[in-house]
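Let's take a friendly walk through this model, one topic at a time. Keep the viewer open and follow along.

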2 protein chains.
Amino acid sequence: MARKKSSDETGAGQADDAASSRRGPMREFSRSLPMSLLRAREAVMRQFRPSLRNHGLTEQQWRILRALTAVDEIEVTELARVAFLLGPSLSRILRDLEGRALIERKAAENDARRAVVSISAKGLKLIEAVAPTSEAIYAEITRRYGARKLAELHEMLGVLEASLAGMGSADDAEVEADD
Amino acid sequence: MARKKSSDETGAGQADDAASSRRGPMREFSRSLPMSLLRAREAVMRQFRPSLRNHGLTEQQWRILRALTAVDEIEVTELARVAFLLGPSLSRILRDLEGRALIERKAAENDARRAVVSISAKGLKLIEAVAPTSEAIYAEITRRYGARKLAELHEMLGVLEASLAGMGSADDAEVEADD
DNA sequence: GGGAGATGATTAACATGTTAAGTTATTTCC
DNA sequence: GGAAATAACTTAACATGTTAATCATCTCCC
């Protein structure tokens, strides 16, 4: 179908592309920053998912194994920070990865609350199996978009993140609390 | 706590920041494009979530209502495309929003398969209640990051998305199929 | 006009995101 | 030294992401 064919079926033909001034208490939708970031990220991840899937890995599982490859061992909280996962997600995934013997887990020596995680030989082998394809995809993305531009994008995203760092939770009450 | 205190507790002090050359069959982790995009998006969404939550809306529900505000009515498939949601997610959310009387749904006139959705008066009222806070947050983000830079970022994200548009699924077999 | 295939939408099943509550171990501080 | 506050996970509960399967219509073509 590849083309819209709805707006002239209900007998009015209004608001054909939502780009004009229908009724909107807000700015346009496709201009929203979260949407732009989401769409861009999805466009990128769409390239990687099939390969990961072929190796029985989800994106998040892959992130964790990738992070573990860079260190000897790491505590769960640190891993959550590095792999950018929330605690509960990480807990579930680690349980699964440990069950598949892709990682190993032990208690920290001096603090029984902390768990220390490391990648297993099997996990490393899996990484090495996936890496070539993954790197090839990344290279192709870089080629298409341009290495210079890619670096610039990274930079701008980093600055954005930093810009918003200390922007405390703008609760509704807080925002309307000055009149 | 606000500072790391783990790497010197297990008695070795190695790989303190994972930035050096531990063992890695791949490029560095924090340089990955998906991670940068994810972190940036999260930094942005973190600002909006509390306000939405105060009004009983999730990010996705908000996206849908926002999209519906721009048109009189729209078919589900089109809505999925505009709000950038997969069909199953959209189905569940529409069920919920309809239950809360924030939207209305009817069958298309000439095709009983298609469903046509529109926002209700109650839904519009909700949008109008949330919009001021939401716009204020967006304005603050723009102020901090810079309007020029924000537009530039949008542009670059759009180009990235377009660059990857026709990059067919790089299955493993496909990638290694030329030696 | 009727059946094969395509299409729009939903349901199913599993994995993760998100917030809150619970568990166990540690630290503080009286 | 022990109760209360903290910390590090983990579980729980609910919402969404993701893929596959299902269901109901529609279209096409014989």
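Ala101(A) counts as partly exposed because its relative accessibility is 39%. In this predicted model, Ala101(A) sits in the loop between H4 and strand E2 (103–107) of chain A. Its backbone is worth a look: Ala101(A) has a positive phi of about 65 degrees, although it is not a glycine. Most residues other than glycine have a negative phi.

Phe84(A) is another non-glycine residue with a positive phi, here about 55 degrees. You will find Phe84(A) in the loop between helix H3 (76–83) and helix H4 (87–99) of chain A. With a relative accessibility of 22%, Phe84(A) counts as partly exposed.

## The layout of chain A

How many helices and strands does chain A have? Chain A contains seven helices and three strands. Going along the sequence, the pattern of chain A reads α-α-β-α-α-β-β-α-α-α. Chain A has 179 residues, and 43% of them are buried.

## Salt bridges in chain A

Over all chains, the structure holds 30 salt bridges. In helix H1 of chain A, Arg46(A) and Glu42(A) lie four residues apart, about one turn of the helix. Their side chains meet in a salt bridge, at 3.6 Å from N to O. An α-helix has 3.6 residues a turn, so residues three or four places apart point the same way.

A network of salt bridges links Arg41(A), Glu42(A), Arg46(A), Arg49(A), Glu59(A) and Arg63(A). Asp111(A) and Arg114(A) also meet through their side chains in a salt bridge, at 3.0 Å from N to O. Asp111(A) is buried, with a relative accessible area of 13%.

## Aromatic pairs

Now for the rings. A pair of aromatic rings is described by the distance of the centres and the angle of the planes. Over all chains, the count comes to two aromatic pairs. In the pair formed by Phe48(A) and Tyr138(A), the ring centres are 6.5 Å apart and the planes stand at 40 degrees, so the pair is tilted. Phe48(A) belongs to helix H1 (residues 33–54) of chain A and Tyr138(A) to helix H5 (residues 121–145) of chain A, so the pair ties together parts that are 90 residues apart in sequence. Both Phe48(A) and Tyr138(A) are buried.

In chain B, the rings of Phe48(B) and Tyr138(B) have centres 6.5 Å apart and planes at 40 degrees, so this pair is tilted. Phe48(B) lies in helix H1 (residues 33–54) of chain B, and Tyr138(B) in helix H5 (residues 121–145) of chain B, so parts that are 90 residues apart in sequence are tied together by the pair. Phe48(B) and Tyr138(B) are both buried.

## An enclosed helix in chain B

Why is helix H2 (residues 59–69) of chain B described as largely enclosed by the rest of the structure? The reason is that 10 of its 11 residues are buried. Among them are Trp62(B), Ile64(B), Leu65(B) and Leu68(B), along with charged-side-chain residues including Glu59(B), Arg63(B) and Arg66(B).

Ile103(B) and Leu65(B) are 38 residues apart in sequence, while their C-alpha atoms are 8.1 Å apart in space. Ile103(B) lies in strand E2 (residues 103–107) of chain B and counts as buried at 3% relative accessibility.

## A negative patch across two chains

Which residues form the negative surface patch? They are Glu152(A), Glu155(A), Glu152(B) and Glu155(B). The elements that give two or more residues to this patch are helix H6 (147–163) of chain A and helix H6 (147–163) of chain B. Take Glu152(B), found in helix H6 of chain B: at 34% relative accessibility, Glu152(B) counts as partly exposed.

Notes:
Residues are numbered from 1 along each chain as its sequence is written. Chains are lettered from A and ligands numbered from 1 in the order in which they are written. This is a predicted model: local features need pLDDT of at least 70, side-chain atom pairs count only at pLDDT 80 or more; totals for chains, interfaces and linings use all residues. Side-chain values use heavy atoms; hydrogens and water are left out. Patches are made of residues with over 30% relative accessible area and no salt bridge: like charges are joined within 9 Å, nonpolar side chains (Val, Leu, Ile, Met, Phe, Trp, Tyr) within 5 Å. Accessible areas come from the Shrake-Rupley method with a 1.4 Å probe; for residues, only the protein chains shown count as cover. A salt bridge is a side-chain nitrogen of Lys or Arg within 4 Å of a carboxyl oxygen of Asp or Glu. The place of a charge is taken as NZ of Lys, CZ of Arg, CG of Asp or CD of Glu. Buried means under 20% relative accessible area, exposed over 50%, partly exposed in between (1.4 Å probe, protein chains only). Rings of Phe, Tyr and Trp (its six-membered ring) pair if their centres lie within 6.5 Å; planes under 30 degrees apart count as stacked, over 60 as edge-to-face and the rest as tilted.
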